[in-house]
Amino acid sequence: MPTIPTIALNDGTDFPELGLGTYNLRGDDGVSAIVAAISSGYRLLDTAVNYENEREVGEAVRRAGDEFGVTRDELLVTTKIPGRHHGYDAAFASAEASLAALGLARIDLHLIHWPNPSVDKYVETWQAMIALREAGLVGSIGVSNFTEAMLTRLIGETGVTPAVNQVELHPYFPQGALREFHRAHGIRTESWSPLARRSELLTEQAVNDAAAAHGVSATQVVLRWHVQLGSTPIPKSATPERQVENADVFGFELSDDEVASISGLERGRLWDGDPNTHEEM
Ligand SMILES: NC(=O)c1ccc[n+]([C@@H]2O[C@H](COP(=O)([O-])OP(=O)(O)OC[C@H]3O[C@@H](n4cnc5c(N)ncnc54)[C@H](OP(=O)(O)O)[C@@H]3O)[C@@H](O)[C@H]2O)c1
(Lines give C-alpha, C1' and ligand atoms only; values in the text may rest on other atoms or scores of the structure.)
Protein backbone atom coordinates (compact mmCIF):
# COMPACT_ATOMS: atom_id res chain seq x y z
CA MET A 1 0.00 0.00 0.00
CA PRO A 2 1.63 3.30 -1.04
CA THR A 3 2.00 5.97 1.61
CA ILE A 4 0.80 9.35 0.41
CA PRO A 5 3.11 12.01 1.88
CA THR A 6 1.75 14.98 3.80
CA ILE A 7 2.65 18.64 4.00
CA ALA A 8 1.88 21.07 6.84
CA LEU A 9 -0.94 23.57 6.33
CA ASN A 10 -0.64 27.08 7.78
CA ASP A 11 -2.53 25.87 10.87
CA GLY A 12 -0.09 22.96 11.43
CA THR A 13 -2.36 20.20 10.09
CA ASP A 14 -0.62 17.39 8.18
CA PHE A 15 -2.33 17.49 4.80
CA PRO A 16 -1.99 14.72 2.18
CA GLU A 17 -0.30 15.64 -1.09
CA LEU A 18 -3.05 13.73 -2.97
CA GLY A 19 -6.66 12.91 -2.11
CA LEU A 20 -9.86 11.36 -3.47
CA GLY A 21 -12.60 13.34 -5.25
CA THR A 22 -16.03 11.84 -4.57
CA TYR A 23 -18.33 13.73 -6.93
CA ASN A 24 -20.91 11.23 -8.26
CA LEU A 25 -19.87 8.46 -5.84
CA ARG A 26 -23.25 7.68 -4.33
CA GLY A 27 -25.22 4.77 -2.89
CA ASP A 28 -23.74 1.41 -1.94
CA ASP A 29 -21.41 1.44 -4.94
CA GLY A 30 -20.18 4.87 -3.89
CA VAL A 31 -19.48 3.69 -0.33
CA SER A 32 -17.60 0.64 -1.66
CA ALA A 33 -15.52 2.81 -3.99
CA ILE A 34 -14.54 5.17 -1.16
CA VAL A 35 -13.73 2.25 1.17
CA ALA A 36 -11.54 0.77 -1.58
CA ALA A 37 -9.65 4.07 -1.87
CA ILE A 38 -9.06 4.23 1.89
CA SER A 39 -7.81 0.63 1.86
CA SER A 40 -5.38 1.68 -0.91
CA GLY A 41 -3.88 4.45 1.18
CA TYR A 42 -6.05 7.52 0.51
CA ARG A 43 -6.51 9.63 3.62
CA LEU A 44 -8.04 12.86 2.22
CA LEU A 45 -11.68 12.62 1.06
CA ASP A 46 -13.40 15.49 -0.76
CA THR A 47 -17.17 15.87 -0.58
CA ALA A 48 -19.65 18.78 -0.48
CA VAL A 49 -23.23 19.39 0.57
CA ASN A 50 -24.06 19.76 -3.10
CA TYR A 51 -22.62 16.32 -4.02
CA GLU A 52 -25.40 14.79 -1.92
CA ASN A 53 -23.06 12.03 -0.72
CA GLU A 54 -21.91 13.14 2.74
CA ARG A 55 -23.79 10.15 4.16
CA GLU A 56 -21.81 7.80 1.92
CA VAL A 57 -18.48 9.41 2.85
CA GLY A 58 -19.24 9.07 6.58
CA GLU A 59 -20.32 5.47 6.09
CA ALA A 60 -17.08 4.70 4.23
CA VAL A 61 -15.05 6.22 7.09
CA ARG A 62 -16.79 3.93 9.58
CA ARG A 63 -16.48 0.85 7.34
CA ALA A 64 -12.78 1.48 6.74
CA GLY A 65 -12.32 1.58 10.50
CA ASP A 66 -14.21 -1.68 11.00
CA GLU A 67 -12.68 -3.53 8.04
CA PHE A 68 -9.13 -2.16 7.83
CA GLY A 69 -8.48 -0.52 11.19
CA VAL A 70 -7.96 2.92 9.64
CA THR A 71 -8.81 5.21 12.53
CA ARG A 72 -10.93 8.33 12.29
CA ASP A 73 -7.92 10.49 13.20
CA GLU A 74 -5.93 9.16 10.22
CA LEU A 75 -8.54 10.51 7.79
CA LEU A 76 -9.25 14.06 6.65
CA VAL A 77 -12.82 14.64 5.54
CA THR A 78 -13.48 17.79 3.53
CA THR A 79 -16.94 19.21 2.94
CA LYS A 80 -18.14 22.53 1.55
CA ILE A 81 -20.72 25.19 2.34
CA PRO A 82 -23.02 25.75 -0.65
CA GLY A 83 -24.09 29.19 -1.85
CA ARG A 84 -27.56 28.90 -0.35
CA HIS A 85 -25.96 28.54 3.11
CA HIS A 86 -23.91 31.75 3.00
CA GLY A 87 -24.31 34.08 6.00
CA TYR A 88 -23.29 33.66 9.65
CA ASP A 89 -26.20 31.65 11.04
CA ALA A 90 -26.76 29.71 7.83
CA ALA A 91 -23.10 28.65 7.72
CA PHE A 92 -23.30 27.38 11.30
CA ALA A 93 -26.45 25.44 10.48
CA SER A 94 -24.76 24.10 7.33
CA ALA A 95 -21.85 22.72 9.36
CA GLU A 96 -24.22 21.09 11.83
CA ALA A 97 -26.24 19.52 9.00
CA SER A 98 -23.04 18.24 7.36
CA LEU A 99 -21.88 16.70 10.64
CA ALA A 100 -25.25 14.96 10.99
CA ALA A 101 -25.16 13.69 7.39
CA LEU A 102 -21.58 12.49 7.76
CA GLY A 103 -22.32 11.00 11.17
CA LEU A 104 -19.01 12.43 12.38
CA ALA A 105 -18.06 14.70 15.28
CA ARG A 106 -15.67 16.87 13.25
CA ILE A 107 -15.26 18.21 9.72
CA ASP A 108 -11.51 18.11 9.13
CA LEU A 109 -11.48 20.69 6.36
CA HIS A 110 -14.44 22.98 5.76
CA LEU A 111 -14.51 25.11 2.59
CA ILE A 112 -16.72 27.84 1.13
CA HIS A 113 -17.67 26.07 -2.12
CA TRP A 114 -18.08 29.17 -4.33
CA PRO A 115 -17.67 32.85 -3.39
CA ASN A 116 -20.89 33.98 -5.12
CA PRO A 117 -19.81 37.65 -5.21
CA SER A 118 -23.23 39.02 -6.19
CA VAL A 119 -24.60 37.69 -2.87
CA ASP A 120 -21.64 39.31 -1.06
CA LYS A 121 -21.80 37.16 2.07
CA TYR A 122 -18.55 35.25 1.88
CA VAL A 123 -16.83 37.40 4.53
CA GLU A 124 -19.72 36.83 6.95
CA THR A 125 -19.61 33.12 6.11
CA TRP A 126 -15.88 33.11 6.84
CA GLN A 127 -16.51 34.69 10.28
CA ALA A 128 -18.81 31.77 11.08
CA MET A 129 -16.17 29.29 9.97
CA ILE A 130 -13.61 30.91 12.26
CA ALA A 131 -16.09 30.44 15.12
CA LEU A 132 -16.80 26.84 14.06
CA ARG A 133 -13.09 26.11 14.24
CA GLU A 134 -12.86 27.72 17.67
CA ALA A 135 -15.83 25.59 18.80
CA GLY A 136 -13.97 22.45 17.67
CA LEU A 137 -16.61 21.37 15.14
CA VAL A 138 -14.17 21.99 12.31
CA GLY A 139 -10.42 21.31 12.07
CA SER A 140 -9.09 23.45 9.22
CA ILE A 141 -10.92 26.16 7.29
CA GLY A 142 -10.45 27.18 3.70
CA VAL A 143 -12.16 28.26 0.52
CA SER A 144 -12.75 27.07 -3.01
CA ASN A 145 -12.87 28.99 -6.28
CA PHE A 146 -11.58 32.22 -4.69
CA THR A 147 -9.62 34.74 -6.74
CA GLU A 148 -6.62 36.68 -5.49
CA ALA A 149 -8.82 39.77 -4.93
CA MET A 150 -11.34 37.74 -2.90
CA LEU A 151 -8.59 36.16 -0.79
CA THR A 152 -7.06 39.59 -0.19
CA ARG A 153 -10.41 40.92 1.02
CA LEU A 154 -11.04 37.91 3.27
CA ILE A 155 -7.64 38.19 4.91
CA GLY A 156 -7.87 41.99 5.17
CA GLU A 157 -11.30 42.02 6.80
CA THR A 158 -10.84 39.08 9.21
CA GLY A 159 -7.10 38.67 9.75
CA VAL A 160 -7.49 34.92 9.15
CA THR A 161 -5.82 33.37 6.09
CA PRO A 162 -7.52 30.30 4.57
CA ALA A 163 -5.50 27.09 4.94
CA VAL A 164 -6.52 25.91 1.45
CA ASN A 165 -7.97 27.28 -1.80
CA GLN A 166 -9.40 24.47 -3.95
CA VAL A 167 -9.58 25.60 -7.59
CA GLU A 168 -9.88 24.30 -11.13
CA LEU A 169 -6.32 23.30 -12.00
CA HIS A 170 -4.92 20.95 -14.66
CA PRO A 171 -2.35 21.30 -17.45
CA TYR A 172 -4.83 23.24 -19.59
CA PHE A 173 -5.28 25.73 -16.72
CA PRO A 174 -2.19 25.73 -14.49
CA GLN A 175 -3.20 28.84 -12.47
CA GLY A 176 0.38 30.15 -12.29
CA ALA A 177 -0.41 33.61 -10.86
CA LEU A 178 -2.87 32.31 -8.26
CA ARG A 179 -0.42 29.59 -7.15
CA GLU A 180 2.24 32.22 -6.66
CA PHE A 181 -0.15 34.29 -4.52
CA HIS A 182 -0.96 31.19 -2.46
CA ARG A 183 2.73 30.45 -1.97
CA ALA A 184 3.41 34.00 -0.78
CA HIS A 185 0.53 33.81 1.74
CA GLY A 186 0.95 30.26 3.01
CA ILE A 187 -2.25 28.96 1.39
CA ARG A 188 -2.19 25.35 0.15
CA THR A 189 -3.43 24.95 -3.43
CA GLU A 190 -5.78 22.02 -4.10
CA SER A 191 -6.59 21.03 -7.70
CA TRP A 192 -10.14 20.12 -8.68
CA SER A 193 -10.71 18.17 -11.91
CA PRO A 194 -6.96 17.45 -11.86
CA LEU A 195 -7.31 15.06 -14.82
CA ALA A 196 -9.46 17.59 -16.68
CA ARG A 197 -12.16 14.91 -16.33
CA ARG A 198 -10.26 12.57 -18.63
CA SER A 199 -10.50 14.82 -21.66
CA GLU A 200 -7.99 14.60 -24.49
CA LEU A 201 -5.39 15.66 -21.94
CA LEU A 202 -4.30 12.04 -21.55
CA THR A 203 -3.43 11.85 -25.27
CA GLU A 204 -1.23 14.97 -25.32
CA GLN A 205 2.31 14.46 -26.64
CA ALA A 206 4.00 16.22 -23.72
CA VAL A 207 2.19 13.95 -21.26
CA ASN A 208 2.86 10.76 -23.21
CA ASP A 209 6.54 11.56 -23.82
CA ALA A 210 7.04 11.90 -20.05
CA ALA A 211 5.03 8.72 -19.43
CA ALA A 212 7.28 6.76 -21.81
CA ALA A 213 10.44 8.26 -20.28
CA HIS A 214 9.45 7.23 -16.74
CA GLY A 215 7.59 3.99 -17.54
CA VAL A 216 4.36 5.25 -15.98
CA SER A 217 0.85 6.05 -17.26
CA ALA A 218 -0.32 9.37 -18.69
CA THR A 219 -2.59 9.79 -15.67
CA GLN A 220 0.34 9.32 -13.32
CA VAL A 221 2.34 11.96 -15.19
CA VAL A 222 -0.47 14.49 -14.83
CA LEU A 223 -0.94 13.79 -11.13
CA ARG A 224 2.82 13.94 -10.53
CA TRP A 225 2.85 17.32 -12.33
CA HIS A 226 0.34 18.61 -9.74
CA VAL A 227 2.48 17.32 -6.88
CA GLN A 228 5.60 19.02 -8.26
CA LEU A 229 3.70 22.30 -8.72
CA GLY A 230 2.92 22.15 -5.00
CA SER A 231 -0.80 21.50 -5.38
CA THR A 232 -2.81 18.63 -3.89
CA PRO A 233 -4.81 16.89 -6.65
CA ILE A 234 -8.06 15.11 -5.75
CA PRO A 235 -8.68 12.75 -8.69
CA LYS A 236 -12.03 11.00 -8.65
CA SER A 237 -12.21 7.37 -9.64
CA ALA A 238 -14.87 4.79 -8.92
CA THR A 239 -12.48 2.05 -10.06
CA PRO A 240 -10.18 0.50 -7.41
CA GLU A 241 -7.40 -0.29 -9.96
CA ARG A 242 -7.38 3.31 -11.15
CA GLN A 243 -7.40 4.58 -7.57
CA VAL A 244 -4.22 2.58 -6.91
CA GLU A 245 -2.63 3.85 -10.13
CA ASN A 246 -3.55 7.45 -9.32
CA ALA A 247 -2.03 7.33 -5.84
CA ASP A 248 1.21 5.75 -7.03
CA VAL A 249 2.99 8.95 -8.09
CA PHE A 250 5.58 9.38 -5.36
CA GLY A 251 8.24 7.05 -6.77
CA PHE A 252 9.39 9.10 -9.77
CA GLU A 253 10.19 12.74 -10.52
CA LEU A 254 9.53 14.78 -13.66
CA SER A 255 12.37 16.95 -14.91
CA ASP A 256 11.98 20.73 -14.98
CA ASP A 257 11.69 20.52 -18.78
CA GLU A 258 8.91 17.94 -18.56
CA VAL A 259 7.01 20.06 -16.03
CA ALA A 260 7.45 23.10 -18.29
CA SER A 261 6.24 21.35 -21.43
CA ILE A 262 3.16 20.00 -19.63
CA SER A 263 2.45 23.49 -18.25
CA GLY A 264 2.83 24.69 -21.85
CA LEU A 265 -0.50 22.99 -22.68
CA GLU A 266 -2.21 25.97 -21.03
CA ARG A 267 -5.26 27.25 -22.86
CA GLY A 268 -7.62 28.40 -20.10
CA ARG A 269 -10.58 27.15 -18.08
CA LEU A 270 -12.38 24.12 -19.52
CA TRP A 271 -15.72 24.95 -17.96
CA ASP A 272 -17.65 28.13 -17.33
CA GLY A 273 -16.15 28.49 -13.86
CA ASP A 274 -14.91 32.07 -13.57
CA PRO A 275 -15.56 32.82 -9.86
CA ASN A 276 -16.30 36.47 -10.69
CA THR A 277 -19.35 35.45 -12.68
CA HIS A 278 -20.13 31.77 -12.08
CA GLU A 279 -22.30 31.28 -8.99
CA GLU A 280 -23.66 28.11 -7.43
CA MET A 281 -26.34 27.82 -4.81
N1 LIG B 1 -14.63 22.84 -5.59
C2 LIG B 1 -15.25 22.69 -6.74
O3 LIG B 1 -15.93 23.61 -7.22
C4 LIG B 1 -15.11 21.39 -7.48
C5 LIG B 1 -15.53 21.31 -8.83
C6 LIG B 1 -15.36 20.09 -9.49
C7 LIG B 1 -14.79 19.00 -8.83
N8 LIG B 1 -14.42 19.10 -7.52
C9 LIG B 1 -13.81 17.96 -6.79
O10 LIG B 1 -12.72 17.49 -7.55
C11 LIG B 1 -12.86 16.07 -7.74
C12 LIG B 1 -12.17 15.61 -9.02
O13 LIG B 1 -12.66 16.29 -10.14
P14 LIG B 1 -13.61 15.59 -11.24
O15 LIG B 1 -14.32 14.46 -10.62
O16 LIG B 1 -14.41 16.69 -11.84
O17 LIG B 1 -12.60 15.13 -12.39
P18 LIG B 1 -11.20 14.34 -12.49
O19 LIG B 1 -10.80 13.79 -11.19
O20 LIG B 1 -10.28 15.24 -13.23
O21 LIG B 1 -11.60 13.16 -13.51
C22 LIG B 1 -12.49 12.13 -13.13
C23 LIG B 1 -12.68 11.22 -14.34
O24 LIG B 1 -11.45 10.61 -14.71
C25 LIG B 1 -11.60 9.20 -14.74
N26 LIG B 1 -10.34 8.61 -14.25
C27 LIG B 1 -9.85 8.67 -13.00
N28 LIG B 1 -8.67 8.02 -12.91
C29 LIG B 1 -8.43 7.52 -14.14
C30 LIG B 1 -7.37 6.74 -14.67
N31 LIG B 1 -6.34 6.33 -13.91
N32 LIG B 1 -7.43 6.40 -15.99
C33 LIG B 1 -8.47 6.80 -16.76
N34 LIG B 1 -9.49 7.54 -16.31
C35 LIG B 1 -9.47 7.90 -15.00
C36 LIG B 1 -12.78 8.89 -13.85
O37 LIG B 1 -13.45 7.71 -14.26
P38 LIG B 1 -13.83 6.49 -13.26
O39 LIG B 1 -14.47 7.07 -12.04
O40 LIG B 1 -14.78 5.70 -14.08
O41 LIG B 1 -12.54 5.77 -12.97
C42 LIG B 1 -13.68 10.11 -14.07
O43 LIG B 1 -14.43 9.94 -15.26
C44 LIG B 1 -14.38 15.89 -7.73
O45 LIG B 1 -14.76 14.52 -7.59
C46 LIG B 1 -14.76 16.77 -6.57
O47 LIG B 1 -14.49 16.11 -5.34
C48 LIG B 1 -14.56 20.29 -6.85
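The model is predicted. An open sheet of 8 strands is present, with parallel pairing. The largest nonpolar core has 70 residues. The salt bridge count comes to 11.

**Sheet**

- The strand order is β3-β4-β5-β6-β7-β8-β9-β10.
- The edges are β3 (20–21) and β10 (231–233), and each of these pairs on one side only.
- Strands of a sheet pair through backbone hydrogen bonds, either parallel or antiparallel.
- Strand β5 covers residues 76–81 and strand β6 covers residues 107–112. The two pair in the parallel sense, over 4 bridges.
- Within this pair, T78 stands opposite L109 of β6.
- Helix α4 (residues 122–134) packs on the sheet. This helix touches β5, β6 and β7 (138–144).
- The direction of α4 makes about 160° with that of β7.

**Nonpolar cores**

- In the core of 70 residues, those with the most contacts inside it are I34, L45, W126, F146 and L254.
- W126 has contacts beyond its sequence neighbours, leaving out residues up to four places away. The residues touched are I112, I141, G142, V143, L154, T158, V160, T161 and P162.
- A second core is separate and has 9 residues. Among them are F15, L44, L76 and A163.

- Helix α2 spans residues 54–68.
- E56 and R55 meet through their side chains in a salt bridge, at 3.5 Å from N to O.
- E59 forms a salt bridge with R62. Their closest N and O atoms are 3.7 Å apart.
- E59 and R62 are 3 residues apart in α2, so about one helical turn separates them.
- Both partners are partly exposed: E59 has a relative accessible area of 29%, and R62 is at 35%.
- R63 and E67 also form a salt bridge, at 3.0 Å from N to O. They lie 4 residues apart in α2, about one turn of the helix.
- R63 is partly exposed at 26% relative accessibility. E67 is partly exposed too, with a relative accessible area of 46%.

**Helices α5 and α6**

- Two packed helices are described by the angle between their axes and the distance between the axes.
- Helix α5 (residues 148–158) packs with helix α6 (residues 176–185) at an angle of about 20°. Their axes are 10 Å apart.
- The angle is under 35 degrees, so α5 counts as roughly parallel to α6.
- From α5, the contact is made by E148, L151, T152 and I155.
- From α6, the contact is made by L178, F181, H182 and H185.

Notes: Residues are numbered from 1 along each chain as its sequence is written. This is a predicted model: local features need pLDDT of at least 70, side-chain atom pairs count only at pLDDT 80 or more; totals for chains, interfaces and linings use all residues. Side-chain values use heavy atoms; hydrogens and water are left out. Two strands pair if DSSP finds at least two bridges between them. Contact means heavy atoms within 4.5 Å. Axes are lines fitted to C-alpha atoms, for helices over the stretch in contact, and angles run from 0 to 180 degrees between N-to-C directions. A nonpolar core is a set of buried Ala, Val, Leu, Ile, Met, Phe, Trp, Tyr and Cys residues joined through side-chain atoms within 4.5 Å. Buried means under 20% relative accessible area, exposed over 50%, partly exposed in between (1.4 Å probe, protein chains only). A salt bridge is a side-chain nitrogen of Lys or Arg within 4 Å of a carboxyl oxygen of Asp or Glu. Angles under 35 degrees count as roughly parallel, over 145 as roughly antiparallel, 65 to 115 as roughly perpendicular and the rest as oblique.
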